[in-house]
Amino acid sequence: MKQYDLRTNSWIHIGTMSGRRLQFGVAVVDNKLYVVGGRDGLKTLNTVECFNPVTKTWVVMPPMSTHRHGLGVATLEGPMYAVGGHDGWSYLNTVERWDPDGRQWNYVASMSTPRSTVGVVALNNRLYAIGGRDGSSCLKSMEFFDPHTNKWSLCAPMSKRRGGVGVATHNGYLYVVGGHDAPAPNHCSRLSDCVER
């Protein structure tokens with residue numbers, strides 16, 4: 001792993017995870033960086049690693065219950081959520097929540113639709129799952145999770161079907177950037193330059 005230093009405009013090697021991975025999720029909980037799920041090139045992972053930037057050490061954390069790659073990860077009101085993804089056989093609508101105090105993963109309500117390569121972000125005390133792929137096509141639908149009711153609800157859809165989107169929030173708005181529109185078996189997708197708010 002590398003860290004960018006703004007003061008020196010340089011990259012510094014600060015540590016190595018226990019294994020290689022791609023299509024994983026990442027989030028910060030209690031000032032520590034968590035790397036969640038993904039693939040190691042051969043199989044889908046349920047493993048979780050935590051990087052402490054003060055001690056510059058990696059620690060293997062308790063694994064998720066489900067192996068997931070192409071998942072979305074975000075924090076909401078303290079806990080971290082692992083949303084959707086693909087387990088190597090199926091597109092997933094299940095969601096797991098990491099309890100930092102209890103140091104364990106628990107399932108919460110499932111989304112209405114399976115989503116892999118999903119964009120996930122927290123805004124206004126809700127967790128949003130945007131776009132992704134359901135196994136047959138990319139999605140333009142969006143849904144939000146309310147942790148106080150443990151329910152997902154559909155929102156207004158995007159104007160285009162997109163998987164692999166970038167998502168961010170700013171000044172109370174949710175932004176969705178780029179992505180692709182390929183059906184699941186087609187890797188020759190059209191890339192999107194679309195930005196929606």
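This is a predicted model: local features need pLDDT of at least 70, side-chain atom pairs count only at pLDDT 80 or more; totals for chains, interfaces and linings use all residues.
To find H86 yourself, look in the loop between β8 (80–83) and β9 (95–99). H86 counts as buried because its relative accessibility is 13%, and the cut-off for buried is under 20%. Leaving aside residues up to four places away in sequence, H86 touches T44, H67, R68, H69, Y91, L92 and S116.

The side chains of R68 and E96 meet in a salt bridge, with N and O 3.2 Å apart. This pair links distant parts of the chain: E96 belongs to strand β9, while R68 lies in the loop between β6 (57–61) and β7 (72–75), 28 residues apart. Are these two partners buried or exposed? E96 is buried, at 0% relative accessibility, and R68 is buried too, with a relative accessible area of 0%.

The structure has 5 salt bridges, so let's visit another of them. R21 and E49 join their side chains in a salt bridge of 3.1 Å, N to O. Here too the pair links distant parts of the chain, with R21 in the loop between β2 (10–13) and β3 (25–29) and E49 in strand β5 (residues 48–52), 28 residues apart. R21 is buried at 11% relative accessibility, and E49 is buried at 3%. There is also a salt bridge between K43 and D40, whose closest N and O atoms are 3.0 Å apart. D40 counts as buried because its relative accessibility is 15%.

Now turn to the aromatic rings, which form 8 aromatic pairs in this structure. In one of them, W98 and W105 are tilted: the ring centres are 5.5 Å apart, and there are 50° between the planes. W98 is buried, at 1% relative accessibility, and W105 is buried as well, with a relative accessible area of 8%. Together with Y34, W98 and W105 form one aromatic cluster.

Y4, L6 and W11 make a nonpolar surface patch of about 400 Å². You can find Y4 in strand β1 (residues 2–5). With a relative accessible area of 34%, Y4 is partly exposed.

Technical notes. Residues are numbered from 1 along each chain as its sequence is written. Side-chain values use heavy atoms; hydrogens and water are left out. Helices (H or I, at least four residues) and strands (E, at least two) are DSSP runs, numbered from the N terminus. Buried means under 20% relative accessible area, exposed over 50%, partly exposed in between (1.4 Å probe, protein chains only). Contact means heavy atoms within 4.5 Å. Patches are made of residues with over 30% relative accessible area and no salt bridge: like charges are joined within 9 Å, nonpolar side chains (Val, Leu, Ile, Met, Phe, Trp, Tyr) within 5 Å. Accessible areas come from the Shrake-Rupley method with a 1.4 Å probe; for residues, only the protein chains shown count as cover. A salt bridge is a side-chain nitrogen of Lys or Arg within 4 Å of a carboxyl oxygen of Asp or Glu. Rings of Phe, Tyr and Trp (its six-membered ring) pair if their centres lie within 6.5 Å; planes under 30 degrees apart count as stacked, over 60 as edge-to-face and the rest as tilted.
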